[in-house]
Amino acid sequence: MSEIVKIENVKKVYPNVVALDDVNLTIEKGKIVGLLGPNGSGKTTLIKILVGLIKDFTGNIEIFGESLGYKSKAKVAYLPDHDFLSDRFNVRQAIEFYKEFFADFNEKKALNLLTQFNINLDRKVINLSKGNKEKLQLILTLSRNAELYVFDEPIAGVDPASRDVIFNLIMNNYSKGSTVIISTHLIQEVENILDEVI
């Protein structure tokens, strides 16, 4: 199998904290990979480097055989560990934003999933329940036909009953043949869906 992600000698230091120290790993195409570890172990830092949000690190990273840049970003769908949609949006405007911003966004898929989860298109993001806001953000991410999906703590702060819903949503809706990275500290919740663990 071909390598999707290649990380060589990556180091990231914050004031008084070494977050990543000489990290070397590869991730192959088509795998579902768990990035596991306790809070503070560097998972989010590594993900932010992969998706281009942190640039001041040492070492080398290639995605799809290219150095990090706009070409690699266009192939990566990223769900951060915090809310990212403007509270001013309603659900329909959030879809329009994604449609305008990402060439690989599948509006029909998003609308179907929103209907499936009874999320009203005219509802303001700020007025959605915590669970529905998380589902909306997940649906938008999964509605991209990306080659690499990166989920940072998708079940953190989610009640146990909703965790299965979220994992089922991910497993049933990411583009098949793509690679998935799921970061979490809740190892038991995710271990049965993973091909590999970091």
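Visitor: How many bridges join strand 6 to strand 7?
Guide: This is a predicted model, in which local features need pLDDT of at least 70, side-chain atom pairs count only at pLDDT 80 or more, and totals for chains, interfaces and linings use all residues. Residues are numbered from 1 along each chain as its sequence is written, and side-chain values use heavy atoms, with hydrogens and water left out. Strands are DSSP runs (E, at least two residues) and helices likewise (H or I, at least four), numbered from the N terminus, and two strands pair if DSSP finds at least two bridges between them. Strand 6 and strand 7 (residues 148–152) run parallel, and the number of bridges joining them is four.

Visitor: Which residue of strand 7 is the bridge partner of L79?
Guide: V76 has L148 as its bridge partner in strand 7. For L79, the partner in strand 7 is F151.

Visitor: Which strands stand at the edges of the sheet?
Guide: Five strands form an open sheet with parallel pairing, in the order 6-7-8-3-9. Two of them have a single partner strand each, so one side of each is left without a neighbour in the sheet: strand 6 (76–79) and strand 9 (196–197).

Visitor: Are V76 and Y78 of strand 6 buried or exposed?
Guide: Buried means under 20% relative accessible area, exposed over 50%, and partly exposed in between (1.4 Å probe, protein chains only). Both faces of strand 6 are covered, with A77 and L79 on one side and V76 and Y78 on the other, and these residues are all buried.
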